[in-house]
Each structure stands twice: as structure tokens, then as C-alpha cells.
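Let's take a walk through this model together, one region at a time. Here it is.

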Amino acid sequence: MKKAKKAALTGILAALALALGYLEFLIPVGIPGVPGVKPGFANIMIMAALYLLGAGEAAVISAARILLSWLLFGSFTSLVYSFCGGALSLAVMLALKKSKAFGFVGVSVGGAVAHNTAQITAASLMLGSGYAFYYLPVLLTAAAVTGTVNGLLLKAALPAAERIVKSNAK
Amino acid sequence: MKGNAKRDLILVASVVLVAAALFCAFRVSRGEGTAVEITVDGKVYGTYPLDDDREIDVDGRLVVSIKDGRASVVSSSCRGGDCVRERAISRAGETIVCLPGAVIIRVTGGGEVDARV
């Protein structure tokens, strides 16, 4: 892939990731009694970058999305939580993908579990209390569900995205 | 890819199993609570008995209501308002956490576990 094309694709995926994150912010798809759980659709774009481009581009997209959504509608604490979640999630997804032992769903669920675990750990450290961990079972179950959904969505969308990327390759 | 799909399924199943095991472990270790401890920025703000109905303004950040032996957040100045949507808590060890406000509301007493998870 040409350098300019790579840059353009990185930009498109970053914009889509930001838009999907914003959509969740506008229309909270929460479950009553289970606050704070989000589907994490933006991760579909991070994973698409992981498969179409590479780890570096995926990291750039993840960081850009976190910074921009923080500037647009976040607080400082949310920035810290987001970075912890984003970094560990990407590391785990990269490891699972490299192992070649898992499909899209496995990579996606692994990323979601890592994201939620990192955020609750960061929250416990910042609040100086381990009690936030009582919420871990809820977050793990949510990660299994949202991770599976996102993995299946990526599996459905990636072949089409690959075709578009390749058809314009000169 | 067949083997991968199988491993994906095993991964998802293990995550759900771990969650269920943790949930049961946390549940069993909890007795009925006696009081509510409110922590702000990591420091104890106050402790209030659960059998005493009242509303507590926590540092202007949120309002906690204690009613019929259960504590809940009735309003919050934070943006998300996740803490307001949390269910009321009454069992020892149960918590409501407001991340933006750095407030933790925790039920104490009963068969509370000393160990911090």
C-alpha cells in the first residue's frame, strides 16, 4: 500500500472511530441498572486498522480518538481512564491476533475484557480503594457480549472494506 | 479458521464463567449492611446509619438518599449521571461509585469481608 493511501485510510478509520464513539455519547445504549457499560463500537475501527494496516496505525487511531473525544466532550479523569483502557486493550488484541489462535470474536472479546479491567484498575488506583472491583463481574459479562457483537460486525464488514482498499490500488 | 472459532468460543465462555464465579464470591461474602460510608477524594466524608432516613449533600457533588434501609444517589452534578441510575444499595460491601465526582458510597457492617479485593 502506498504511503499516502495508508495515511488516508488511517484518517478515515480514525474519523469513523470518533464518530462511533460520539454516537454512543449521543444515544447511550445502556442497560437499566447496569450503568457505565458501552458497546465500544469504536473498537471495530481500531480492529479494522489492526487487520488492514498494522499495529502502529491502530495505536495512532486509538490515541487520536481518545484525545479528540476528550477535547470534545470529556473530563481529565476520563482521559486517564480512556488511555489506560485503550493501551491495554490494543496490547491484548495485538497479542491475540499475533498468536493466530483466535478469530475476530476472540480478539475483540480479549480487547473488551482488557479495556474494562484496565479502566476499573485505574479507577481503583485513582479513588484509592479496591471496592470498585465489585463491579468487575458486570464489566466482564458486558465485555463478553459487546466483544462478541463487535467481532461479528467486523467479520461481516472487513471483506467489503478489503475489496474497496484493494480495488483502488494501482 | 475452524480451530480459531472454537478457541473464540472457549475464550468467551471462560470470561462469562470467571464473571459468574466472581459475582457469586462477592455475593456470598456480603451480609446485611448497617451503615453507609461516603468517601470523597479517597477521604472518609461521613458515616450514616442505614435505619435513619435522610438526605445527605456530599460536598455539592451529589445528593445521597437513605430510605427504608437502602442508599441511593438522587442527584449529581456530574455529566454522565451513571451514579443516579445505579440501583439502591443495602448489603454490606455494596458500592455506588461516581467516577467524575471521585465519590464512593459503600455499605458497611454485617458480615463484611475485611480483605480488600
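Where does Lys100(A) lie? Lys100(A) sits in the loop between α4 (76–98) and α5 of chain A, where helices (H or I, at least four residues) and strands (E, at least two) are DSSP runs numbered from the N terminus. This is a predicted model, in which local features need pLDDT of at least 70, side-chain atom pairs count only at pLDDT 80 or more, and totals for chains, interfaces and linings use all residues. Residues are numbered from 1 along each chain as its sequence is written, chains are lettered from A and ligands numbered from 1 in the order in which they are written, and side-chain values use heavy atoms, leaving out hydrogens and water.

Although Lys100(A) is not a glycine, its phi is positive, about 60°. Lys100(A) is exposed, with a relative accessible area of 66%; buried means under 20%, exposed over 50%, partly exposed in between (1.4 Å probe, protein chains only). In chain B, Asp59(B) also is a residue other than glycine with a positive phi, near 55°. Asp59(B) belongs to the loop between β3 (54–58) and β4 (62–67) and is partly exposed, at 43%.

Now turn to helix α3 of chain A. Its buried residues include Glu57(A), Ile61(A), Ile66(A) and Phe73(A). Seen down the axis of α3(A), the buried residues fall within an arc of 165° (taken from the directions from the helix axis to the C-beta atoms), so they line one face of the helix. On the other side, Val60(A) and Leu71(A) are exposed.
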